[in-house]
Amino acid sequence: MTVTESLTVRDNRTGTEYDVPIIDGTIRAADIGKIKAADDAPGLAVYDPGFVNTASCRSSVTFIDGDKGILEYRGYPIEQLAESSNFLEVAYLLVHGELPSREEFETWVHEITYHTFVHENIKGFMEGFRYDAHPMGMLMASIGAMSTFYPDARNIAEADNRHLQVVRLIAKMPTLGAWSFRHAQGKPYVYPDNDLSYTANFLSMLFKMSEPKYVADERIVKALDTLFILHADHEQNASANAVRSVGSTQVDPYSSVAAGIGALYGPLHGGANEAVLRMLKRIGSVDNIPAFIEGVKNGNERLMGFGHRVYKNYDPRAKIIKKACDDVFEVTGVNPLLRVAQELEKIALEDEYFVSRRLYPNVDFYSGLIYEALQFPPEMFTVLFAIGRTPGWLAQWLELTQDKEQKIARPKQIYTGDRGLTFVPAEQRWA
Ligand code: CMC
């Protein structure tokens with residue numbers, strides 16, 4: 001690679017100048033490490049809590065321009081995919097890097113459909129969770145446990161084997177997600193119906209009772225499928241980073257994806273959709289919004305569903321979700337909290353605090369309203385996010401396994417503790 005751009009760094013401690021190559025708008029942290037105050041001194045390091053300005057990989061999966069509000073999977077704008085594609089096609093695109101031919105798509109759908117069942121023993125241990133277990137905890141644990149059912153998954157060096165695990169994970173995620181929902185409701189778990197589409201089958205496993213076949217309203221199927229598409233990937237977010245970080249140890253993909261689910265569970269990440277709904281319920285009516293906003297501005301709490309590390313403009317996914325609300329509410333009736341959300345958005349977008357910090361609604365601001373209208377309790381919202389995000393996690397994981405530049409993820413630290421203390425045994429210290 002010919003490097004034509006560089007950065008000259010002068011170390012004022014020594015007067016030495018260093019030429020640091022600039023490649024793809026980045027400098028190599030290893031090049032910074034060559035800067036030393038003395039030959040035997042440690043190299044200079046970069047301090048970046050939360051990786052705010054550190055690229056951890058090269059990736060061709062997802063492109064985001066946060067200033068312009070652009071999101072593309074493998075180069076295709078999210079708006080076009082949400083409008084005209086479907087979740088399994090998008091999953092194929094993310095995992096394989098290009099759109100499928102008709103034959104490739106049919107094979108892919110067949111493969112995913114025929115891996116939706118899980119081993120009966122998985123059902124057995126899921127039944128062992130407490131009656132009020134959070135479905136995200138159940139999902140994380142059961143996906144992690146799947147590594148014990150598929151020990152072959154440890155063979156990550158072989159392409160066919162990786163593909164099989166990818167198919168299993170995308171296929172079984174809705175089954176486990178639906179069962180974690182049924183568990184909380186004390187209802188029997190419903191087996192997959194492989195005559196149905198991916199999303200229609202998920203709805204059947206969630207809501208089927210004694211009827212021989214569960215037929216979901218097509219508009220609901222389409223809306224949920226669109227939500228899955230919108231959540232399918234988002235480049236190096238906290239959960240993708242967790243998947244990659246754990247995956248860098250060369251562990252099996254179930255363990256890596258379980259780590260991703262753990263990261264997603266948090267209220268600053270995927271758990272925000274659950275937090276948004278609880279917040280809207282607490283605000284309750286439009287009259288209470290000004291007092292709530294004052295509390296946020298005074299630092300008492302955050303306006304959940306607002307703000308993003310990357311988007312400093314309207315999150316393009318939030319725009320699409322806002323539209324999907326209308327389709328769902330046509331079937332379910334309008335969620336009364338919609339008015340609170342709309343008014344909150346309006347006030348926040350005009351308020352100096354939010355404007356100056358460039359805080360806009362993110363993907364989680366409106367999604368919870370749809371989920372609630374579809375009869376999901378708030379604890380289930382992040383499970384829906386996890387099902388949508390699975391192809392993205394796997395695309396990131398596959399990319400990692402093929403990337404020769406990747407190493408085990410192991411950040412540096414700035415040590416701030418004591419050194420060289422002399423240990424005094426307990427009986428002497430306590431004497
Ligand atoms: N409400 C009020 N103030 C906020 C908010 C918010 N939602 N988000 C950021 N700020 C303020 C923050 O207090 C800080 O102000 P100051 O400069 O005065 O200290 C400034 O904006 C910058 O915030 P930050 O925390 O440094 O930004 P970040 O990039 O580290 O955090 C974020 C991004 C998404 C964690 C944050 O905006 C947030 O906590 N939002 C609410 C939770 C949420 O909706 N999360 C979902 C994110 S999108 C989907 C996903 O990733 O799962």
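Reader: Which residues does leucine 303 touch, and what makes them contacts?

Author: In this predicted model, leucine 303 touches Met279, Phe292, Val296, Leu344, Ala348, Phe354 and Phe365, leaving aside residues up to four places away in sequence. Contact means heavy atoms within 4.5 Å, so these residues qualify.

Reader: What makes a set of residues a nonpolar core here?

Author: The members must be buried nonpolar residues joined through side-chain atoms within 4.5 Å. The largest such core has 119 residues, and Leu303 is among those that touch the most other members, as are Tyr73 and Trp108. Helix α18 (residues 381-402) gives the most to this core, with 12 residues.

Reader: How do you know that the length of helix α7 agrees with its number of residues?

Author: Helix α7 has 27 residues, and at 1.5 Å a residue it should span 39 Å. The end C-alpha atoms of α7 are 40 Å apart, which agrees.

Reader: Why is α7 called mostly covered?

Author: A residue counts as buried under 20% relative accessible area, and 21 of the 27 residues in α7 are buried, so α7 is mostly covered.

Reader: Where does α7 have a kink?

Author: The kink, of about 35°, lies at lysine 172, shortly before proline 174.

Reader: How do you know that strands β1 and β2 pair?

Author: Pairing needs at least two bridges; β1 and β2 are joined by 7, so they pair. The two strands run antiparallel, and leucine 7 stands opposite valine 20 in β2.

How values were computed:
Residues are numbered from 1 along each chain as its sequence is written. This is a predicted model: local features need pLDDT of at least 70, side-chain atom pairs count only at pLDDT 80 or more; totals for chains, interfaces and linings use all residues. Side-chain values use heavy atoms; hydrogens and water are left out. Helices (H or I, at least four residues) and strands (E, at least two) are DSSP runs, numbered from the N terminus. The expected span of a helix is 1.5 Å times one less than its number of residues. The bend at a residue is the angle between axes fitted to the seven residues ending there and the seven starting there. Buried means under 20% relative accessible area, exposed over 50%, partly exposed in between (1.4 Å probe, protein chains only).
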